[in-house]
Amino acid sequence: MTAMSLCDDTLLCNFPKCRTKLNGFAWVTACSHVFCDQHGSGEFSRSPAICPACSSALSGKLDIVRTELSPSEEYKAMVLAGLRPDIVLDISARALAFWSYQVMEEYKRKYSEVSERLMERNRQYQKLQGLYDSLRLRNMVVGAGERDTSQPGHHDFHTGVARQATPQRSPQFLSMGPDVDSRFFSCLEADGAKTFFQFSSPAREKGQLFIKKH
């Protein structure tokens with residue numbers, strides 16, 4: 001259903017769940033509602049008449065009028081003939097107010113429907129966003145746990161136990177250049193129980209020789 005504008009020449013039936021475009025004859029009420037010929041004939045044949053749109057009592061002689069929506073040229077030429085200009089303008093103003101009310105009511109109805117659909121979409125979005133956030137948080141926790149268990153010397157957040165890393169063998173000495181005696185490094189590998197300072201302290205070696213002599 002396309003949105004109505006002030007330039008539209010067709011109103012819609014105000015009967016609930018009807019909303020058909022009016023043509024031919026229509027029933028107009030003093031409470032500014034209009035109905036198709038089918039629903040108007042059925043509803044206003046009862047006494048007392050009640051407006052199906054707003055439940056107003058329509059007991060006056062001119063509270064309900066069945067009118068032709070496309071009158072003949074003869075009717076338009078005679079319907080307001082002989083009336084004073086102020087009366088003609090008053091009738092025209094009331095007719096325009098009725099039209100504006102119908103158009104604005106239609107706009108409000110459409111706005112209400114769109115607002116309800118938008119609110120429902122927002123509720124669905126919030127629900128999906130909550131599910132997405134919970135899944136993303138769970139995946140982050142699982143991924144962090146897998147990364148921690150794959151690293152040596154890590155702290156297990158699940159058990160609170162710190163695991164020690166596997167001891168690594170010290171790297172071998174590489175060649176230090178042509179001026180370095182390679183026998184010095186070979187003796188380090190031959191006797192792993194001795195330390196670096198035992199082999200590299202000349203003063204200590206001299207002291208041991210002095211003790212042996214005496």
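I call a residue buried under 20% relative accessible area, exposed over 50% and partly exposed in between, with a 1.4 Å probe and protein chains only. By that cut-off I find Leu 11 buried, with a relative accessible area of 11%. I place Leu 11 in the segment before E1.

**Ground rules**

I am working on a predicted model, where local features need pLDDT of at least 70, side-chain atom pairs count only at pLDDT 80 or more, and totals for chains, interfaces and linings use all residues. I number residues from 1 along each chain as its sequence is written, and side-chain values use heavy atoms, with hydrogens and water left out.

**Whole chain**

I looked up the burial of the whole chain: 16% of its 214 residues count as buried. The chain exposes about 17300 Å², and carbon and sulfur atoms supply 59% of that area. Accessible areas come from the Shrake-Rupley method with a 1.4 Å probe; for residues, only the protein chains shown count as cover.

I then listed the elements. Helices (H or I, at least four residues) and strands (E, at least two) are DSSP runs, numbered from the N terminus. I get six helices and five strands. Their order from the N terminus is β-β-α-β-β-β-α-α-α-α-α.

For contacts I use heavy atoms within 4.5 Å. Of the contacts between residues at least 6 apart in sequence, 41% join residues at least 24 apart.

**The sheet**

Which strands form the open sheet, and in what order? Three do, in the order E2-E1-E5, with antiparallel pairing. Strand E2 (34-36) and strand E5 (64-68) are at the edges with a single partner strand each, so one side of each has no neighbour in the sheet. Strands count as paired if DSSP finds at least two bridges between them. E1 (residues 25-29) and E2 are joined by three bridges.

**The core**

I define a nonpolar core as buried Ala, Val, Leu, Ile, Met, Phe, Trp, Tyr and Cys residues joined through side-chain atoms within 4.5 Å. The largest one has 17 residues; Cys 13, Leu 22, Val 34, Phe 35, Phe 44, Leu 58 and Ile 64 touch the most other members. E1 and E2 are the elements that give two or more residues to this core. E2 gives the largest share, three residues.

Beyond its neighbours within four places in sequence, Cys 13 contacts Cys 18, Arg 19, Thr 20, Leu 22, Val 34, Phe 35, Cys 36 and His 39.
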